Amino acid sequence: MAAENDIVLIYMEDTPVSFARVETIRADVKKNWFQITLLMLQIPLQVITWILKDDYINGEIFYMDGKKMKLEKVVCPEQDQIPPEVPFSNSNSTEKTKKEKSKDQDAEIISFADVKKARQKKQETS
């Protein structure tokens, strides 16, 4: 069951529509129903409260205004499943390894500052 501070992915009609953080889960006056307060992680931020059975909070499909809905708890992938970060390349560095050169033989990384300097130099000469 999703718990407070968990991140959930909200599906509508089998399409993921938004992420939300579970703020609170409290028992409702109806037996076996809960008030789940969600912080919608979108712009603008919005807090909503839904009244759901625990099965629905656990990922079972439910209907809201005739639309099929589902909550899915987001689990952070293991570190070895996350692609390694691409190392930062310094645009001022003129040395590249053979591996880097073969990957981007015609590519050159330049900074916005270098582009601005080149434009200024071009304007001065013309």
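Asn5 touches Arg21 and Val22, leaving out residues up to four places away in sequence. The model is a predicted one. In it, Asn5 sits in the segment before strand S1, which spans 7-12. Its relative accessibility is 56%, so Asn5 counts as exposed; the cut-off for exposed is over 50%. Leu38 is 33 residues away in sequence, yet the two C-alpha atoms are 9.4 Å apart.

The largest nonpolar core has 16 residues. Within this core, Ile10, Ile36, Leu38, Trp50 and Leu71 touch the most other members. Several strands contribute. S1, strand S2 (15-27), S3, S4 and strand S6 (67-73) each supply at least two residues of this core. In soluble globular proteins, nonpolar side chains tend to be buried together.

Take Leu71 as a worked case. Setting aside residues up to four places away in sequence, its contacts include Val8, Leu9 and Ile10. Leu71 also touches Ile36, Trp50 and Leu52. Tyr56, Ile57, Gly59 and Phe62 complete the list for Leu71.

Phe19, Leu41, Leu45 and Val74 form a nonpolar surface patch, and together they have about 360 Å² of accessible area. One member, Leu41, lies in the loop between strand S3 (33-40) and strand S4 (46-53). Leu41 has 38% relative accessibility, so it counts as partly exposed.

Now the charges. The structure holds 4 salt bridges. In one of them, the side chains of Lys73 and Asp6 meet at 3.5 Å, N to O. Lys73 lies in strand S6 and Asp6 in the segment before S1, so this pair ties together parts that are 67 residues apart in sequence. The two partners differ in their surroundings. Lys73 is partly exposed, with a relative accessible area of 42%. Asp6 has 17% relative accessibility, so it counts as buried; buried means under 20%.

A second bridge joins Lys68 to Asp14, with the closest N and O atoms 3.1 Å apart. This pair also links distant parts of the chain: Lys68 is in strand S6, Asp14 is in the loop between S1 and S2, and 54 residues separate them. Asp14 is exposed, with a relative accessible area of 55%.

Another bridge runs between Lys70 and Glu72, where the closest N and O atoms are 3.9 Å apart. The salt-bridge cut-off is within 4 Å, so this pair counts. Lys70 is partly exposed, at 26% relative accessible area. Glu72 is partly exposed too, at 34%.

Which buried residue has no salt bridge, with Lys30 as its nearest side chain of opposite charge? That residue is Asp28. Asp28 is found in the loop between S2 and S3. Leaving aside neighbours within four places in sequence, Asp28 is in contact with Trp33, Phe34, Gln35 and Ile51.

Definitions and conventions. Residues are numbered from 1 along each chain as its sequence is written. This is a predicted model: local features need pLDDT of at least 70, side-chain atom pairs count only at pLDDT 80 or more; totals for chains, interfaces and linings use all residues. Side-chain values use heavy atoms; hydrogens and water are left out. Helices (H or I, at least four residues) and strands (E, at least two) are DSSP runs, numbered from the N terminus. Buried means under 20% relative accessible area, exposed over 50%, partly exposed in between (1.4 Å probe, protein chains only). Contact means heavy atoms within 4.5 Å. Patches are made of residues with over 30% relative accessible area and no salt bridge: like charges are joined within 9 Å, nonpolar side chains (Val, Leu, Ile, Met, Phe, Trp, Tyr) within 5 Å. Accessible areas come from the Shrake-Rupley method with a 1.4 Å probe; for residues, only the protein chains shown count as cover. A nonpolar core is a set of buried Ala, Val, Leu, Ile, Met, Phe, Trp, Tyr and Cys residues joined through side-chain atoms within 4.5 Å. Lys and Arg count as positive and Asp and Glu as negative; His and the chain ends are not counted.
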